[in-house]
Amino acid sequence: MQLPGLWLCLSFGCAAALSPSCLSAQFRRPGDFILGGLFPFGKDTVNLTARSEPTLLLCERLFTDGLIWALGMRFAIDQINNSSSLLPGITLGYDMYDTCFEPLVALQPSLLFLTRNGTTGIGVLCNYTEYQPRVTAVIGPHKSDLCLVTAKLFSSFLIPQVSYGASSETLSNTELYPSFYRTVPGDKNLAEAVVLLLHQFGWNWVATVGSDDEYGRGAQALFLSMAGTNNICIAFEGLIPTEVAEPSAKKQLEDTVRTINSTNVNVVVLFAYSLPAQALLQHSIRMGLGKKVWIGTEPWILSDITASIPNIQSIGTVLGFVMRTGTVPGFQEYVAELFSSAAQEEFCRRSKELSRVMNAEVLDTHCQQCDHVTLRDIWPMLSVTTVQPVHVAVYSVAQALHRALGCTTKSCPKTAIRSWQLLHFMNTLPFEVNGQSFRFDQSHGTNTGYKLIFWAWRDGTLTYLSVGDYDQSLYIRRAQIQFHTPDKKEPPSECFRRCEPGQVRRIKGFNLCCYDCTDCSENTFWNSTDSTDCSPCPQHQWAPARSTRCYDRSERFLFWDEPLAVALVTLMALTAALICVTALLFLKHLRSPLVQVSGGGRSLLALLTLLLQSLSCCLYVGKPSAALCMVQQLSYAVCLNGCFSTFVPKALEITLVTEFPRRAPRLLRWVTHGRAWLLVAASFLTQVLLCFCHLRLGPDFLVADYKSLPSEVLLVCGTQSWAAFALLHGYNSCLAFACFLCTFMVQTPARRYNVARGITFATLIFFVIWIFFLVIFATLRTVLRAVTQICTILATTLGILASYFVPKCYILMFRPDLNTADFCQSPAEEEPEEVNRE
């Protein structure tokens, strides 16, 4: 049975053909297995003479590259056919076609490859499992946009397609392109390498330009997505036309150069092929853009088209990534021998015989305009053009074919192999080429890494100097890079200044990458260099402005040793001493008329409670606790009640005598003498019951206030229930108000002591002090809250002492002549006489 061939065909239909023509026939050869291939040889030759000089130069370079790649593929197939271990007994054929860099042109040979073997028609079947196309595998094409078109066709038939130059990340989708492979790294790896390069040099304000094709758009999109997550800011992103001869291309290029100039960037990342890159660099030089750091990629960084631009050294520093590939041993000698053989008659005879074997009617378009290609024309490009990816592509198919056929080192069985049967072996197994191991990864690519290339000029001659390597991590030999700056050091390229520790970025303008540095406010801190906002401190900590850490808060309360506390304690001691002196004076004159008319022993009780009330100020100094907070208000209310309770019997006595003289004799016994003590005790017990209610409803509690003070935690006693507070102090207010009503309108006869006046002023001072106290106490949340309570206690104590007891002390000490029964007559003893006279 005749085995289907694996064809690799080349027809110079668009760019060039060799002269003599017998050499071009050597790119068409039958075999037991046939490989099909697609190579770029340049733009179509229609009206080529009307093209610009750069376009003609590009066509010449593209033809040279395509020719070298085709020769590399033929060299690999000849090696395989001459090998005694890879495919012994099997010969590979090839049929090569030119893509002309045009998708429609590339479709013609692609459709031919899909035709049923031995025919020119494509079978329309429901099941292609047993379908045998013209070729078993396809090598090429070179560009990503062409592969996006052809890969859909070949993936529909599951024909392996191995590209030696397409790097678009779209082709990594194995669900859409299950049979597409490539022997070059994808654009994702290239974008990662560029981002690492920018990061190592601290360049975070860059412009990026891409050619308006699949390669430029795809690589730029990947770079932009990675730049944002690595704190690299894009000042400008743009696309430049691939057809530089179009009328609108010049304006678009000029606008791009002007925009780059306006951004004040020092670094430009350029993803483009050689012709668009050449046009952009030419306009940059003509428009005086200034020296920049240009980060390029292989399509233009190694191109002699861009390197030959006049005054190209003035653009600045050029760095770029190129694929890390090895040499192909014996290739240059093979090409030299091939061109030498082409001049011999025997070589031409065999070439013509091979041409007759091939079907000349199938896409046989011979270029008549491209001739006189010699070894001298292509020899300089043999060391520049990368041949290894083509070589590896051919060997990957041959290795898969070896395993699919079940070959040994001595022979291969003559069995039919379908194209789709090769995919399993290409997906799973590694293969070796010239002692180097290769393997297709999950995205069907071979990530061989990159070299970082620096354009080094020596006496006007350009040298591609390798200054670094990238293989998942980037290593740079910085000492070998001499930048265009006066000190030969890398120039800065930043939109923003570096923020100091304790500062964060505040975005300014429309660009998210431009910002000012702002100090962190109090109680916030700077977390890291990547922080865009200050982090708040935990509640128990604080931080000063522009801080890089938080500190533990210190406790704040009314300390014993601070001046304000010392002054208040001193005032408390003086008040207590004054009360003790008053009590001693009253005790000494306890039986005197003045003391008796003032309440006698009940006055001593009032002085005792006032003394305890003044001493209770100590509860507000020092570190508060939950127990102290509960006792503070209770002690004040109970002590004040003890004082006001002694005023109540005297106030009622005065009211009965002055307002109800007829009923006074029957009622006075309930408010005088021993029963007055029962009234005092009842009032005091009522206050004690209210204290228990206060404890049940909501006693004061300890509050740790973290908000009022910036660096301290304020320890204060907070009011849990204002209703309980009102209930606790409301009773004393009612007693004071009752005493005030009973005494403020009382008139005393001349030459008599006015007992009611002292009670009136004492209760009036109490109300005035408490009006101010409530307003201040309800709003204060600082240490002054304790100060306010102390001042209220002392002011109330001194007010009662000054208005009620001090005048009596004055009489006892300085006017003893007034301390008589006639002048200090009790209202209960005086009024009945007046009633009898009436």
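Me: Which residues does W69 touch, not counting residues up to four places away in sequence?

Reply: W69 touches F39, P40, H142, Y164, T385, T386 and V390 when residues up to four places away in sequence are not counted. The model is predicted, and what follows should be read with that in mind.

Me: In which helix does W69 lie, and is W69 buried or exposed?

Reply: W69 is in helix α2, which covers residues 53–82. The relative accessible area of W69 is 10%. Buried means under 20%, so W69 counts as buried.

Me: What separates the C-alpha atoms of W69 and P389?

Reply: A distance of 9.1 Å separates them, although W69 and P389 are 320 residues apart along the chain. For the protein as a whole, take the contacts between residues at least 6 apart in sequence: 72% of these join residues at least 24 apart.

Me: How many helices and strands does the protein have, and what share of the residues counts as buried?

Reply: There are 25 helices and 24 strands. Of the 838 residues, 54% count as buried.

Me: Now the rings. How many aromatic pairs does a search of the whole structure find?

Reply: The search finds 34 aromatic pairs. One of them joins Y128 and Y131, with 5.2 Å from centre to centre and 75° between the planes. Planes over 60 degrees apart count as edge-to-face, so that is the label for the pair of Y128 and Y131.

Me: Are Y128 and Y131 buried or partly exposed?

Reply: Y128 has 25% relative accessibility and counts as partly exposed, whereas Y131, with a relative accessible area of 5%, is buried.

Me: Why is the pair of F725 and W770 called tilted?

Reply: Planes under 30 degrees apart would be stacked and planes over 60 edge-to-face; the rest are tilted. The planes of F725 and W770 stand at 35°, so this pair is tilted, with the ring centres 6.3 Å apart.

Me: Which parts of the chain does that pair tie together?

Reply: F725 belongs to helix α22 (residues 722–743) and W770 to helix α23 (residues 755–779), so the pair links parts that are 45 residues apart in sequence. F725 is buried at a relative accessible area of 4%, and W770 is buried at 7% relative accessibility. F725 and W770 also belong to one aromatic cluster, whose members include F586, Y636, F737, F766 and Y804.

Me: Which charged residues lie over the faces of Y804 and F201?

Reply: K808 lies over the face of Y804, at 3.9 Å from the ring centre. R478 lies over the face of F201, at 4.5 Å from the ring centre.

Me: How is empty space inside a model found?

Reply: A probe the size of a water molecule is rolled over the atoms, and this shows where empty space is left. In this structure, a search finds 5 cavities of 30 Å³ or more. The largest cavity holds about 140 Å³ of space. It is lined by 17 residues, of which Y620, L715, V716, C717 and A786 are the closest to its centre.

Me: Which elements give two or more residues to that lining?

Reply: They are β24 (712–718) and α24 (784–814). The largest share of the lining, 4 residues, comes from β24.

Note on methods. Residues are numbered from 1 along each chain as its sequence is written. This is a predicted model: local features need pLDDT of at least 70, side-chain atom pairs count only at pLDDT 80 or more; totals for chains, interfaces and linings use all residues. Side-chain values use heavy atoms; hydrogens and water are left out. On a 1 Å grid over the protein atoms alone, a cavity is a set of points where a 1.4 Å probe fits but cannot get out, and a pocket is an open set with protein on both sides within 12 Å along at least five of seven lines; lining residues have an atom within 4 Å of a point. Grid points are joined across faces, edges and corners, and a volume is the space filled by probe spheres set on the points. Rings of Phe, Tyr and Trp (its six-membered ring) pair if their centres lie within 6.5 Å; planes under 30 degrees apart count as stacked, over 60 as edge-to-face and the rest as tilted. Buried means under 20% relative accessible area, exposed over 50%, partly exposed in between (1.4 Å probe, protein chains only). A charge sits over a ring if NZ of Lys or CZ of Arg is within 6 Å of the ring centre and within 35 degrees of the ring normal. Contact means heavy atoms within 4.5 Å.
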